[in-house]
Amino acid sequence: MSHRLKPAQYAILVAVMLTASVGDTFLSHGMNQVGVVDVHHLGLLFGAFKNVWILGGIALLIGFFACYLTALSWADLTFLMPATAFGYVIVALLSRFWLHEHLSIWRWLGIVMIVCGVGFMANGPSRTEHPKLDVMDSGVGR
Amino acid sequence: MIASTLLTWSCILGVAALAVTGEVLTAAALRKIGDFDEIRAVSGMRGAILAVVSSPIFFLGSLAMMLNFFMMLYTLSVAEVSLVAPATASLTYIGNAFAAKIFLHENVDRRRWLAAGFVVVGVILLAH
């Protein structure tokens with residue numbers, strides 16, 4: 001058993017990357033519209049639930065959790081870690097091209113490093129073979 | 001000054017430890033439950049959701065993640081986000097790699113260590 005991913009499983013990984021990062025960006029955009037909420041006016045937070053960007057962000061983060069749990073049911077935690085980190089890259093790119101924020105050379109370098117990390121993992125097996133489960137494959141890849 | 005630095009780093013370590021605990025317990029629960037596609041084929045979406053929410057390990061993992069969220073809020077009140085975010089993310093990645101190898105018996109080979117290393121450096125650079 002090679003534990004190579006099927007196209008539908010790659011789609012779940014892409015959804016993990018996109019939903020978390022786009023959800024966070026939606027929340028950030030929404031909270032910018034709602035304004036500053038201090039500890040003496042916590043009631044303003046309830047008003048945030050009327051904002052369409054906040055609602056969209058929450059829906060996307062619920063979607064992220066569902067996709068993440070689905071991915072954990074067939075992939076190792078250490079396989080998924082770089083995939084979730086790729087969300088940082090998407091947030092940085094969204095902040096640059098959608099919110100028009102400045103990205104320093106260090107941030108671009110950080111993006112390159114995370115892309116390299118994801119690239120290392122992408123071609124590897126998604127799940128560790130355990131002797132009890134796959135006797136014929138025991139010791140493979142160790 | 002020393003007391004404040006000690007408090008900041010204790011909080012950062014606490015946040016990372018709770019994140020690692022939550023993620024490892026959740027991963028252990030999902031591994032025990034099995035592939036969602038196979039469960040869905042037998043007992044439908046309702047059966048898959050029931051299998052997850054009735055798992056005590058998943059419940060403990062979720063509890064650790066909830067505590068991590070509140071600990072993170074407290075940490076952000078005592079230290080700057082530019083330190084807290086990359087420090088907790090990096091420590092969580094490294095901690096996850098060690099914990100996955102020790103507790104989940106995952107095959108963390110050279111490729112995975114290298115990927116974790118690149119991600120940690122990348123996260124630190126993104127915080128600049």
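I start with a definition: the expected span of a helix is 1.5 Å times one less than its number of residues. I also note that this is a predicted model.

**Entry 1: helix 3 of chain B**

I applied that rule to helix 3 of chain B, residues 56–78. This helix has 23 residues. From its first C-alpha to its last it reaches 33 Å, close to the 33 Å expected.

Next I asked which residues of helix 3 of chain B are buried. I found B:F58, B:G61, B:A64, B:N68, B:M72 and B:T75. Then I looked for what covers them. The cover includes helix 1, helix 2 and helix 4 (81–102) of chain B.

**Entry 2: chain B as a whole**

Chain B has five helices and zero strands. Along the sequence I read the pattern as α-α-α-α-α. Its C-alpha trace spans about 60 × 35 × 25 Å along the principal axes. Of the 128 residues in chain B, 41% are buried.

I also checked how contacts in chain B relate to sequence. I took contacts between residues at least 6 apart in sequence, and 78% of them join residues at least 24 apart.

**Entry 3: B:T8**

I picked one residue in helix 1 of chain B, namely B:T8. I count B:T8 as partly exposed, because it has 17 C-beta neighbours inside 10 Å. The cut-offs are 20 or more for buried and 12 or fewer for exposed.

What does B:T8 touch, leaving aside its neighbours within four places in sequence? I found B:V78 and B:A79.

**Entry 4: helix 3 of chain A**

I moved to chain A and its helix 3. This helix has 21 residues and reaches 30 Å from first C-alpha to last, close to the 30 Å expected. Its buried residues include A:I54, A:G57, A:L60 and A:F64. A run from A:C67 to A:L72 is buried as well: A:C67, A:Y68, A:L69, A:T70, A:A71 and A:L72.

I found both chains in the cover here. From chain A it includes helix 1, helix 2 and helix 4. From chain B it includes helix 1 (2–33) and helix 2 (36–53).

**Entry 5: helix 1 against helix 4 in chain A**

I looked up how helix 1 and helix 4 of chain A meet. Their axes come within 8 Å and cross at roughly 45 degrees. That angle makes helix 1 of chain A oblique to helix 4 of chain A. The crossing is right-handed.

On the helix 1 side, the contact residues include A:L13, A:V16, A:M17 and A:L18. On the helix 4 side, they include A:F86, A:G87, A:I90 and A:V91. By class I have ten nonpolar, four polar and one charged in this contact.

**Entry 6: A:G43**

I placed A:G43 in the loop between helix 1 (7–34) and helix 2 (44–48) of chain A. Is A:G43 buried or exposed? It is exposed, because 8 other C-beta atoms lie within 10 Å. A:G43 and A:G57 are 14 residues apart along the chain, and 20 Å separates their C-alpha atoms.

**Entry 7: where the chains touch**

Last, I turned to the contact between the chains. It takes 29 residues from chain A and 33 residues from chain B. On the chain A side, helix 3 (52–72), helix 4 (77–97) and helix 5 (105–122) give two or more residues. Helix 5 of chain A gives the most, with ten residues. By class, I have 16 nonpolar, ten polar and three charged residues on that side.

Note on methods
Residues numbered from 1 in each chain as written. Chains lettered and ligands numbered in written order. Predicted model: local features only at pLDDT ≥ 70, side-chain atom pairs only at ≥ 80, totals over all residues. Contact = placed C-beta atoms within 7 Å. Helix = DSSP H or I, 4+ residues; strand = E, 2+ residues; numbered from the N terminus. Nonpolar A, V, L, I, M, F, W, Y, C, P; charged D, E, K, R; others polar. Axes fitted to C-alpha atoms, helices over the stretch in contact; angles between N-to-C directions. Parallel < 35°, antiparallel > 145°, perpendicular 65-115°, else oblique. Left-handed = near helix turned anticlockwise from the far one by under 90°.
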